[in-house]
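The sequence and structure are shown first.

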Amino acid sequence: MKLAVCIYEGPYNHAASDTAYNFIQAAIQKGHEIKGIFFYHDGVYNVTKLMEPPQDDRHISNRWSALGASGIDIVVCIAAAKRRGIVDDVLVPNVRISGLGQLTMMAIEADRLVVFGD
Amino acid sequence: MAEDIKKIMFTVRKPPHGTIYVYEGLEVKLIMAAYDADISVVFMDDGVFAVKKGQDTKDLGIKGFAATYGALVDYEITQVYVDRQSMEDRGMTEDDLLVIGEDEDTEEPIKPQVLESAEIAAMMAEQHNILAF
(Lines give C-alpha, C1' and ligand atoms only; values in the text may rest on other atoms or scores of the structure.)
Protein backbone atom coordinates (compact mmCIF):
# COMPACT_ATOMS: atom_id res chain seq x y z
CA MET A 1 0.00 0.00 0.00
CA LYS A 2 1.13 3.55 -0.71
CA LEU A 3 1.10 5.57 2.52
CA ALA A 4 1.58 9.23 3.32
CA VAL A 5 2.09 10.45 6.86
CA CYS A 6 1.25 13.84 8.37
CA ILE A 7 2.53 14.82 11.81
CA TYR A 8 0.88 17.62 13.78
CA GLU A 9 2.81 17.71 17.06
CA GLY A 10 6.22 18.89 18.19
CA PRO A 11 9.00 16.54 19.37
CA TYR A 12 9.41 15.25 22.95
CA ASN A 13 6.35 17.19 24.13
CA HIS A 14 4.01 14.72 22.48
CA ALA A 15 4.17 11.06 21.47
CA ALA A 16 2.85 11.75 17.94
CA SER A 17 6.31 12.09 16.42
CA ASP A 18 7.58 8.85 18.02
CA THR A 19 4.43 6.96 17.14
CA ALA A 20 4.61 8.15 13.55
CA TYR A 21 8.26 7.14 13.33
CA ASN A 22 7.56 3.66 14.69
CA PHE A 23 4.57 3.33 12.36
CA ILE A 24 6.69 4.24 9.35
CA GLN A 25 9.44 1.76 10.31
CA ALA A 26 6.87 -1.00 10.73
CA ALA A 27 5.16 -0.10 7.45
CA ILE A 28 8.45 -0.22 5.54
CA GLN A 29 9.30 -3.58 7.09
CA LYS A 30 5.94 -4.88 5.95
CA GLY A 31 6.76 -3.79 2.41
CA HIS A 32 4.57 -0.70 2.16
CA GLU A 33 5.71 2.36 0.25
CA ILE A 34 5.95 5.72 2.05
CA LYS A 35 4.99 8.40 -0.49
CA GLY A 36 5.97 11.20 1.83
CA ILE A 37 6.02 12.64 5.31
CA PHE A 38 4.55 16.07 5.97
CA PHE A 39 5.12 18.16 9.11
CA TYR A 40 2.35 20.59 10.03
CA HIS A 41 1.34 22.71 13.06
CA ASP A 42 4.07 22.36 15.78
CA GLY A 43 5.24 19.27 13.90
CA VAL A 44 7.63 21.59 12.02
CA TYR A 45 9.85 21.58 15.14
CA ASN A 46 10.70 17.91 14.59
CA VAL A 47 13.37 18.57 12.00
CA THR A 48 15.44 21.42 13.42
CA LYS A 49 19.16 20.77 13.80
CA LEU A 50 19.20 23.10 16.81
CA MET A 51 17.82 20.43 19.11
CA GLU A 52 20.32 18.79 21.40
CA PRO A 53 18.64 16.15 23.53
CA PRO A 54 20.53 14.32 26.33
CA GLN A 55 22.84 11.69 24.87
CA ASP A 56 20.99 8.79 26.42
CA ASP A 57 17.74 9.85 24.74
CA ARG A 58 16.58 9.43 21.14
CA HIS A 59 17.58 12.24 18.77
CA ILE A 60 14.33 12.96 16.99
CA SER A 61 15.52 15.28 14.23
CA ASN A 62 18.51 13.06 13.35
CA ARG A 63 16.15 10.14 13.17
CA TRP A 64 13.93 11.92 10.63
CA SER A 65 16.99 13.05 8.70
CA ALA A 66 18.19 9.46 8.41
CA LEU A 67 14.79 8.45 7.10
CA GLY A 68 15.04 11.25 4.54
CA ALA A 69 18.50 9.99 3.53
CA SER A 70 16.91 6.62 2.74
CA GLY A 71 14.96 8.36 -0.01
CA ILE A 72 11.64 9.25 1.63
CA ASP A 73 10.39 12.74 0.76
CA ILE A 74 10.09 14.72 4.00
CA VAL A 75 8.36 18.07 3.71
CA VAL A 76 7.92 20.87 6.24
CA CYS A 77 4.97 23.21 5.67
CA ILE A 78 6.31 26.65 4.83
CA ALA A 79 3.37 28.56 6.28
CA ALA A 80 3.52 26.68 9.59
CA ALA A 81 7.33 26.90 9.63
CA LYS A 82 7.57 30.64 9.00
CA ARG A 83 5.12 31.31 11.80
CA ARG A 84 7.37 29.35 14.19
CA GLY A 85 10.79 30.54 13.10
CA ILE A 86 11.74 27.40 11.23
CA VAL A 87 13.70 28.22 8.06
CA ASP A 88 16.02 26.32 5.69
CA ASP A 89 19.08 27.31 7.74
CA VAL A 90 17.95 25.38 10.80
CA LEU A 91 16.74 22.21 9.09
CA VAL A 92 18.53 18.88 9.37
CA PRO A 93 19.70 17.45 6.01
CA ASN A 94 17.35 15.44 3.79
CA VAL A 95 14.21 17.40 4.57
CA ARG A 96 12.78 20.33 2.64
CA ILE A 97 10.41 23.23 3.15
CA SER A 98 7.50 23.47 0.75
CA GLY A 99 3.82 24.28 0.58
CA LEU A 100 0.55 22.62 1.47
CA GLY A 101 0.28 21.63 -2.18
CA GLN A 102 2.78 18.89 -1.34
CA LEU A 103 0.43 17.55 1.35
CA THR A 104 -2.36 17.67 -1.20
CA MET A 105 -0.32 15.66 -3.71
CA MET A 106 0.55 13.12 -1.01
CA ALA A 107 -3.14 12.83 -0.11
CA ILE A 108 -4.06 12.33 -3.75
CA GLU A 109 -1.25 9.92 -4.64
CA ALA A 110 -1.29 7.75 -1.52
CA ASP A 111 -3.83 5.04 -0.79
CA ARG A 112 -3.99 6.26 2.80
CA LEU A 113 -2.95 9.47 4.52
CA VAL A 114 -2.25 8.71 8.17
CA VAL A 115 -2.31 11.63 10.60
CA PHE A 116 -0.55 11.66 13.96
CA GLY A 117 -1.50 14.27 16.54
CA ASP A 118 -4.31 15.43 18.80
CA MET B 1 -11.85 10.77 -15.09
CA ALA B 2 -14.34 11.65 -12.41
CA GLU B 3 -13.98 8.29 -10.66
CA ASP B 4 -10.26 8.97 -10.21
CA ILE B 5 -10.87 12.13 -8.20
CA LYS B 6 -10.00 11.55 -4.57
CA LYS B 7 -12.58 12.28 -1.94
CA ILE B 8 -10.98 14.18 0.92
CA MET B 9 -12.97 15.06 4.02
CA PHE B 10 -11.92 17.53 6.67
CA THR B 11 -13.33 17.11 10.12
CA VAL B 12 -13.19 20.03 12.51
CA ARG B 13 -13.61 18.68 16.03
CA LYS B 14 -11.69 21.15 18.18
CA PRO B 15 -12.88 24.55 19.38
CA PRO B 16 -11.73 27.37 17.09
CA HIS B 17 -9.69 29.30 19.64
CA GLY B 18 -7.20 28.31 22.32
CA THR B 19 -5.09 26.28 19.89
CA ILE B 20 -4.10 26.91 16.29
CA TYR B 21 -5.33 23.58 14.88
CA VAL B 22 -8.58 24.88 13.46
CA TYR B 23 -7.05 28.01 11.94
CA GLU B 24 -4.17 26.16 10.27
CA GLY B 25 -6.68 23.50 9.26
CA LEU B 26 -8.61 26.20 7.43
CA GLU B 27 -5.44 27.11 5.52
CA VAL B 28 -5.15 23.49 4.37
CA LYS B 29 -8.75 23.51 3.11
CA LEU B 30 -8.23 26.66 1.08
CA ILE B 31 -5.11 25.23 -0.58
CA MET B 32 -6.55 21.79 -1.25
CA ALA B 33 -9.66 23.32 -2.79
CA ALA B 34 -7.45 24.56 -5.64
CA TYR B 35 -6.58 20.97 -6.57
CA ASP B 36 -8.54 18.36 -8.39
CA ALA B 37 -10.09 16.70 -5.37
CA ASP B 38 -13.60 16.27 -4.00
CA ILE B 39 -13.44 18.30 -0.79
CA SER B 40 -15.95 18.21 2.04
CA VAL B 41 -15.85 19.69 5.53
CA VAL B 42 -17.70 18.48 8.61
CA PHE B 43 -17.92 20.44 11.85
CA MET B 44 -18.56 18.21 14.83
CA ASP B 45 -17.88 17.97 18.57
CA ASP B 46 -16.45 21.32 19.80
CA GLY B 47 -15.66 22.11 16.15
CA VAL B 48 -19.23 23.38 15.74
CA PHE B 49 -18.17 26.53 17.62
CA ALA B 50 -15.97 27.39 14.62
CA VAL B 51 -19.07 28.04 12.52
CA LYS B 52 -20.95 29.99 15.16
CA LYS B 53 -21.84 33.45 13.92
CA GLY B 54 -20.83 36.61 15.76
CA GLN B 55 -17.36 35.52 16.88
CA ASP B 56 -15.19 38.37 18.12
CA THR B 57 -11.53 37.65 18.92
CA LYS B 58 -10.53 41.27 19.52
CA ASP B 59 -10.22 40.86 23.29
CA LEU B 60 -8.16 37.68 22.82
CA GLY B 61 -5.59 39.74 20.97
CA ILE B 62 -5.53 37.31 18.07
CA LYS B 63 -6.53 37.61 14.45
CA GLY B 64 -9.88 35.94 14.01
CA PHE B 65 -10.62 33.81 10.99
CA ALA B 66 -14.38 33.36 11.08
CA ALA B 67 -14.66 35.87 8.21
CA THR B 68 -12.74 33.46 5.99
CA TYR B 69 -15.46 30.86 6.51
CA GLY B 70 -17.73 33.41 4.86
CA ALA B 71 -15.74 32.91 1.67
CA LEU B 72 -15.71 29.07 1.62
CA VAL B 73 -18.17 28.99 -1.27
CA ASP B 74 -15.97 31.45 -3.19
CA TYR B 75 -13.15 28.94 -2.76
CA GLU B 76 -15.51 26.32 -4.23
CA ILE B 77 -15.83 24.55 -0.91
CA THR B 78 -19.55 23.90 -1.01
CA GLN B 79 -19.90 20.57 0.81
CA VAL B 80 -19.93 21.99 4.31
CA TYR B 81 -21.77 20.11 7.03
CA VAL B 82 -22.52 20.38 10.73
CA ASP B 83 -23.36 17.48 13.02
CA ARG B 84 -26.79 18.13 14.50
CA GLN B 85 -26.17 16.27 17.74
CA SER B 86 -22.89 18.14 18.42
CA MET B 87 -24.66 21.43 17.76
CA GLU B 88 -27.64 20.66 20.00
CA ASP B 89 -25.40 19.32 22.79
CA ARG B 90 -23.80 22.77 22.89
CA GLY B 91 -27.05 24.72 22.87
CA MET B 92 -26.67 25.86 19.28
CA THR B 93 -29.39 25.92 16.65
CA GLU B 94 -29.25 26.38 12.88
CA ASP B 95 -29.90 30.09 13.45
CA ASP B 96 -26.50 30.34 15.18
CA LEU B 97 -24.58 29.22 12.09
CA LEU B 98 -22.58 31.72 10.09
CA VAL B 99 -22.95 32.25 6.36
CA ILE B 100 -20.34 30.58 4.13
CA GLY B 101 -21.20 32.38 0.90
CA GLU B 102 -24.09 33.25 -1.31
CA ASP B 103 -25.87 31.55 -4.19
CA GLU B 104 -24.52 32.84 -7.52
CA ASP B 105 -27.96 33.15 -9.07
CA THR B 106 -30.31 34.06 -6.26
CA GLU B 107 -27.74 35.79 -3.99
CA GLU B 108 -29.37 33.88 -1.14
CA PRO B 109 -26.96 33.30 1.76
CA ILE B 110 -25.59 29.76 2.01
CA LYS B 111 -25.11 28.15 5.41
CA PRO B 112 -23.50 24.86 6.39
CA GLN B 113 -25.91 21.98 6.02
CA VAL B 114 -26.98 20.27 9.24
CA LEU B 115 -26.79 16.47 9.07
CA GLU B 116 -27.51 13.56 11.37
CA SER B 117 -24.52 11.62 12.70
CA ALA B 118 -25.50 8.54 10.70
CA GLU B 119 -25.45 10.55 7.46
CA ILE B 120 -21.99 11.85 8.29
CA ALA B 121 -20.80 8.34 9.11
CA ALA B 122 -22.03 7.14 5.72
CA MET B 123 -20.13 9.97 3.99
CA MET B 124 -16.99 9.16 5.97
CA ALA B 125 -17.11 5.58 4.77
CA GLU B 126 -16.86 6.82 1.15
CA GLN B 127 -13.75 8.99 1.65
CA HIS B 128 -10.24 8.22 0.46
CA ASN B 129 -8.74 10.43 3.11
CA ILE B 130 -9.97 12.18 6.24
CA LEU B 131 -7.99 14.99 7.79
CA ALA B 132 -8.96 15.96 11.33
CA PHE B 133 -8.33 19.38 12.81
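Is helix α2 (residues 60-69) of chain A mostly covered or mostly uncovered? Helix α2 of chain A is mostly covered, with seven of its ten residues buried (under 20% relative accessible area, 1.4 Å probe, protein chains only). Helices here are DSSP runs of H or I of at least four residues, and strands are E runs of at least two, numbered from the N terminus. This is a predicted model, in which local features need pLDDT of at least 70 and side-chain atom pairs count only at pLDDT 80 or more, while totals for chains, interfaces and linings use all residues. Residues are numbered from 1 along each chain as its sequence is written, chains are lettered from A in the order in which they are written, and side-chain values use heavy atoms, without hydrogens and water.

Among the buried residues of α2(A) are R63(A), W64(A) and L67(A). Their cover includes β1 (2-7), α1 (16-29), β2 (33-39) and β3 (74-77) of chain A, where contact means heavy atoms within 4.5 Å. Just after α2(A), G71(A) takes a positive phi of about 110°.

Over all chains, the structure holds ten aromatic pairs (Phe, Tyr or Trp rings, the six-membered one for Trp, with centres within 6.5 Å; planes under 30 degrees apart are stacked, over 60 edge-to-face, the rest tilted).

Y21(A) lies in α1 and W64(A) in α2 of chain A, so their pair ties together parts 43 residues apart in sequence. Both Y21(A) and W64(A) are buried.

Key:
Buried means under 20% relative accessible area, exposed over 50%, partly exposed in between (1.4 Å probe, protein chains only).
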